[in-house]
Amino acid sequence: MLRPLIAVLALLAAPAFAEVEVEEVTSPGGIEAWLIEDHTLPFLALEIRFEGGTALDPEGRRGAVNLMTATLEEGAADMDATAFAQAREALAASFEFDSYSDAVSVSAAMLTENREEAVEILRAALVEPRFDQGAIDRVRGQVLSIIRSDETDPQALAARAFAEAAFPGHPYGSADDGTAESVAALTREDIVEAHRAAIARDWVYVGAAGDITAEELGALLDELLGALPETGAPRPDRAEIALEPGVEVIEFDIPQSIILFGHEGIARDDDDYLAAYVVDTALGGSGRQSRLMEEVRERRGLTYGIGTGLFPRELGDLYQGSLSTANPNAGEVIEVVRDEFERIAEEGLTEDELAEVKEYLTGAYPLRFDGNGALASIAVGMQMVGLGPDYIAERNDLVDALTLEEVNRVASELIRPEELSFVVVGRPEGIEGAVAD
Amino acid sequence: MRRLIAALALALPMPALADEAVTSFALDNGLEVVVIEDHRAPAAVHMLWYRAGSADEPPGRSGIAHYLEHLLFKATDELEAGEFSDTVAALGGTDNAFTSYDYTAYFQRVAAEHLGLMMEMEADRMTDLALDAEDILTERDVVIEERRQRTDNDPGALFSEQRRAAQYLNHPYGVPVIGWAQEADALTLDDALEFYGAHYAPNNAVLVVAGDVFPGEVRDLAEEHYGPIPADPAIAPRERPQEPPQLAERRIAFEDPRVGQPYVVRTYLAPERDAGDQREAAALTLAAALLGGSAQTAVLPQKLQFENEDALYATAFYDGLSYDDTLFGVLVVPAPGVTLEEGEEALDRALAEFLEEGVDEDQLERVKFQFEAARIYAQDDPGSRARTYGAALTSGLTVRDVQDWPGIIQSITPEEIEDALARVLDRDRAVTGYLTTTEPAAFEPVPASAADPAAGAPPPPPAGLPAEPAGDAATVLEDS
């Protein structure tokens, strides 16, 4: 009795409309933000991104933006590291400072009842960080230990080798943390300079969700960010993607090989991006049973998980995937991945498969908009890739409008089996023509 | 500054709490149901928890609870292998499962209108699994790959497994959830079906639904789909072998060339939260927060990283949600030039000083205020609230215990914290582990952190450090 019922319900599952009301707020001082106002819970989630990120590290100062960001919470204005943390904890506010290749991010949550005080100490961290030498050195010790431990971490080794092969000579081609040498050499002046370069008003994006009005948010933005310098450092040039087809092996004594693979990807603002997203969802993307999961895990039992994704970044785009498999299976898995890349590039998706992917994507989209934290984060992410608030209402129609011809044309352009580059860390077997590291 | 801040915290009123909107009831067949309303988004999380985890496995069959969890995504008498997940995906939903020592849980997140279908399919696989001999062998290979990925490829995970085995001599908590490799490799269809038959029944399960749903509607749907499944009269309260008195300190030295991060972890056997009796666990929860709950202001980082430079990182961890005795842990990552022995001595000194100096009341106020605020922040995520209830109700607690917990935390006195901690910090009831590389001093250490996301507002670990407590890295196997 179950199956007919499921079929009927699946047919009825027309994509729900995402009802999210985004207000575009401009503060009296001219700072823009997206607000999703909801007074159900007495707190505000605030997501701030300063575009630029670790790609702004100057030549020879790799790791400066990372160490600077990690030291933002270690003292500000008249508070040393302990006093700053005590102040934040007494308000039960949470601030997370993070950096990655394209941005410095700040994720904050603050209670309505003490929001003014919380904003004041967050302002102090962003605008008046102390960067005391003792704090820098303490955090530097932690960063150095991470760098050294990454030298024996197979995942980190694989990621680094892939990045180096993809973006040689560009900041994208090395670890955000920097090297032991570059981090050891960073001075307090370098950290102050990294702050001046990476935390400025010209590339800031703000998403807010929760218990605040547009007027209150405007005042908050000026208070929080108004005193920052107008402009930060210029961004480096776009990266040339230099991946070579083939298999690079890094010998490492572990029972299971870590395998990364990929080639050039597609820019987020490309007209074909959405079609490429559909292709990836079918081939190896997350959320539904992809071809690669079906072939490598379900049918052959060769891995616990395999996944791919579009990785568009400001300065260079990759299409990348990963998995791990017992060493003796490595050669076979690589062949299966190549075969699946070839199959989808040549034949594209089937009509049914496209319908299933559309069902999944359009059904899943409205479910994203759940919770203040998630909403603030989505609001910032959309602004960073240049989408307007209207996109939320239009997006499922755009997915549904994609034709099989269009999607399969993009599959043949995006997926390039002949360009596939693999990095394998482990003691893999059965790989022909591997290049030893 | 410290005094001023504390005064500020004291002057603040406790935040007004929104109605938690939690309803609970039971069906006639013994299925317990918890409904958590959150009408902000049109989504619902449907979770079915079984009071059966790896600690309920028969001897020699380690990993069977987790292997069975994988097999529940295969065929039933109504559904083909994979059809459950495909159906959820076709609705835009997500589904998965996870296994721990005390429970196995299955969940889907979908548009609220599909709740009935989720129940129909979940009820179907509670009793009607129809496994194919070939499917189950392929899936066993997947589980072995999972073990390699989680454990065998990671010296920190192997270290943790060895420490737990040393900690629990007799209780099955000493056996890894994913199973010992040689046993997990030999599990059979009969093993899976035996475990399934023994534990999967409505009177051994807890249904938690959170999101845009109303209790009456959930009750009607639950009656319709789960109601017809009869209770299994053979299900009895869990009685596992308990630990004998530990009479001597246990120490482990684990060496592996892949270690980039020597550190010391010590775990003490500690009492867990019990129904109607949670004060001791609440005191230990606060003790862990005071000792290690903040990377800047907690006692261990203050003493080991700020006052002295013995450590790169130091923390404490405790999780009271456990059916039987749990662990209280401390961890220190020595600074470059400081040996593990010196790091351990510095840690012991810091703990002794803390017991001698007593709880700083300003710090306790701040910690308690964060626990209070965490209740508001937690309401932003109905899925995680559902998990809190599911884990508690499968670990021997009741809905009432979950709801009493915040108040108990607020009522704990400094003396109770000091006394509870003093009782736990007995090295004759502990395992101390050193993790080192085989190449002496080749690498400097990297910290791990121990924040319990369910307990108050834990700090994120310092930039880039792993957020998992090194002592507990494999307690819950999240599947994908």
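## The annotated domain

UniProt, in an unreviewed entry, places the feature "domain: Peptidase M16 C-terminal" at residues 187-370 of chain B. Such annotations may be inferred rather than shown by experiment. The end C-alpha atoms of residues 187-370 of chain B lie 45 Å apart. The span is 40% helix and 21% strand.

This is a predicted model: local features need pLDDT of at least 70, side-chain atom pairs count only at pLDDT 80 or more, and totals for chains, interfaces and linings use all residues. Residues are numbered from 1 along each chain, and chains are lettered from A in the order in which they are written.

## Where the chains meet

Chain A gives 72 residues to the contact and chain B gives 75 (C-beta atoms, placed from the backbone, within 7 Å). On the side of chain A, helix α5 (residues 133-150) supplies the largest share, 10 residues. Helices here are DSSP runs of H or I, at least four residues, and strands are runs of E, at least two.

## Helix α5 of chain B

Helix α5 of chain B covers residues 133-152. At 1.5 Å a residue, its 20 residues should span 28 Å, and the end C-alpha atoms are 27 Å apart, which agrees. (The expected span is 1.5 Å times one less than the number of residues.)

## A sheet in chain B

Chain B has an open sheet of 5 strands, ordered β7-β11-β8-β10-β9, with mixed pairing. Strands pair if DSSP finds at least two bridges between them. The edge strands are β7 (250-255) and β9 (311-318) of chain B. Strands β8 (residues 263-270) and β11 (residues 430-436) of chain B pair in the antiparallel sense over 6 bridges. B:Tyr268 stands opposite B:Ala430 in β11(B).

Key:
Two residues are in contact if their C-beta atoms, placed from the backbone, lie within 7 Å.
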